[in-house]
Amino acid sequence: QAIDFEAARQIEIIEDGGEIKQETRLFDSGRGETRPMRTKEDAHDYRYFPDPDLLPLRLEQSYVDRLKASLPELPEAKKQRFMETFGLSGYDASVLVAERETADYFETVAKGRDSKLAANWVMSELFGSLNRAEIAVSESPVSAPALGGLVDLIADGTISGRIAKDVFADMFKTGKPAAEIVEERGLKQVSDTGALEAAVVEVMDANPDRVTDYRGGNQKLVGWFMGQIMKASGGKANPKMVNQLLREKLDAGD
């Protein structure tokens, strides 16, 4: 309110040909206006002068250089390195370097892996779980190497991205490694061509009308067929292979 009042007051003074006085003003909240308290004409009124009780401080350049060399990598430099080394966007890099522990965690997950996939998992699943649990990265039940192991299972096709979310939730709850959870729950992705082809044919045979609609020009039905096949497989079918086989069968026309 004080700023709004002062803006209008000073505009009026200038437009009338007046000058703005250098002064300290107070704001009267009852009247919604400012009033002068005291004028200050020169710099010394603001005590802009050397303090006679403070001795001059002179630091040797060699000492300054040693301090500079001992500094850790600072956030801006780390952000630039993340963008150049890992190919991250400016926004993602800024989020990941906001705290040193987060940056270290991400770098461990990303080392030798798909950095963008690693960034997505740290910023989505990990951050979301930490926020819900109201704990810091340093307290995460899923360590950086453990999350890296989960990313490896996604990258090599052992599990799908959808299944990986369920695995991560279990990891966060139990502290178990991803591979152990996948083995215990039988979550390995199905990539056997014969088994997937049979699943595709089964769904197509059960929905002849939709097959006809697709072949009549409704290409969007591919998504519906994909959903049915993934549902039937419990999410374990390799989606890339399913998509390829499905299109081949639908486009074959037999």
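Mentor: Gladly, and let us settle one term at the start: buried means under 20% relative accessible area, exposed over 50%, and partly exposed in between, with a 1.4 Å probe and protein chains only. This is a predicted model, where local features need pLDDT of at least 70 and side-chain atom pairs count only at pLDDT 80 or more, while totals for chains, interfaces and linings use all residues. Residues are numbered from 1 along each chain as its sequence is written, and side-chain values use heavy atoms, with hydrogens and water left out.

Trainee: Thanks! How many helices and strands are there in the chain?

Mentor: Helices (H or I, at least four residues) and strands (E, at least two) are DSSP runs, numbered from the N terminus. By that count, the chain has 13 helices and two strands.

Trainee: What share of the 254 residues counts as buried?

Mentor: Start with the surface: the chain exposes about 16,600 Å², and carbon and sulfur atoms supply 51% of it. Those areas come from the Shrake-Rupley method with a 1.4 Å probe; for residues, only the protein chains shown count as cover. Of the 254 residues, the buried share is 30%.

Trainee: Is alanine 103 buried or exposed?

Mentor: Alanine 103 lies in helix 5, residues 100-110. Leaving aside neighbours within four places in sequence, alanine 103 is in contact (heavy atoms within 4.5 Å) with Lys78, Phe82, Leu96 and Val97. Because its relative accessibility is 0%, alanine 103 counts as buried.

Trainee: Which residues make the nonpolar surface patch of about 490 Å²?

Mentor: Patches are made of residues with over 30% relative accessible area and no salt bridge; like charges are joined within 9 Å, nonpolar side chains (Val, Leu, Ile, Met, Phe, Trp, Tyr) within 5 Å. Valine 64, in helix 2 (residues 61-70), is partly exposed with a relative accessible area of 34%. The patch is made by Leu57, Leu59, Tyr63, Val64 and Leu67.

Trainee: How far apart are the closest N and O atoms of aspartate 28 and arginine 35?

Mentor: A salt bridge is a side-chain nitrogen of Lys or Arg within 4 Å of a carboxyl oxygen of Asp or Glu, and the whole structure has 13 of them. Aspartate 28 counts as buried at 18% relative accessibility, whereas arginine 35 is partly exposed at 34%. These two form a salt bridge, and their closest N and O atoms are apart by 2.6 Å.

Trainee: The side chains of lysine 249 and glutamate 197 meet in a salt bridge at 2.9 Å, N to O. How many residues apart in sequence are the parts that the pair ties together?

Mentor: Lysine 249 counts as partly exposed at 25% relative accessibility, and glutamate 197 is also partly exposed, at 29%. Lysine 249 lies in helix 13 (residues 239-252) and glutamate 197 in helix 10 (residues 193-206), so the parts tied together are separated in sequence by 52 residues.
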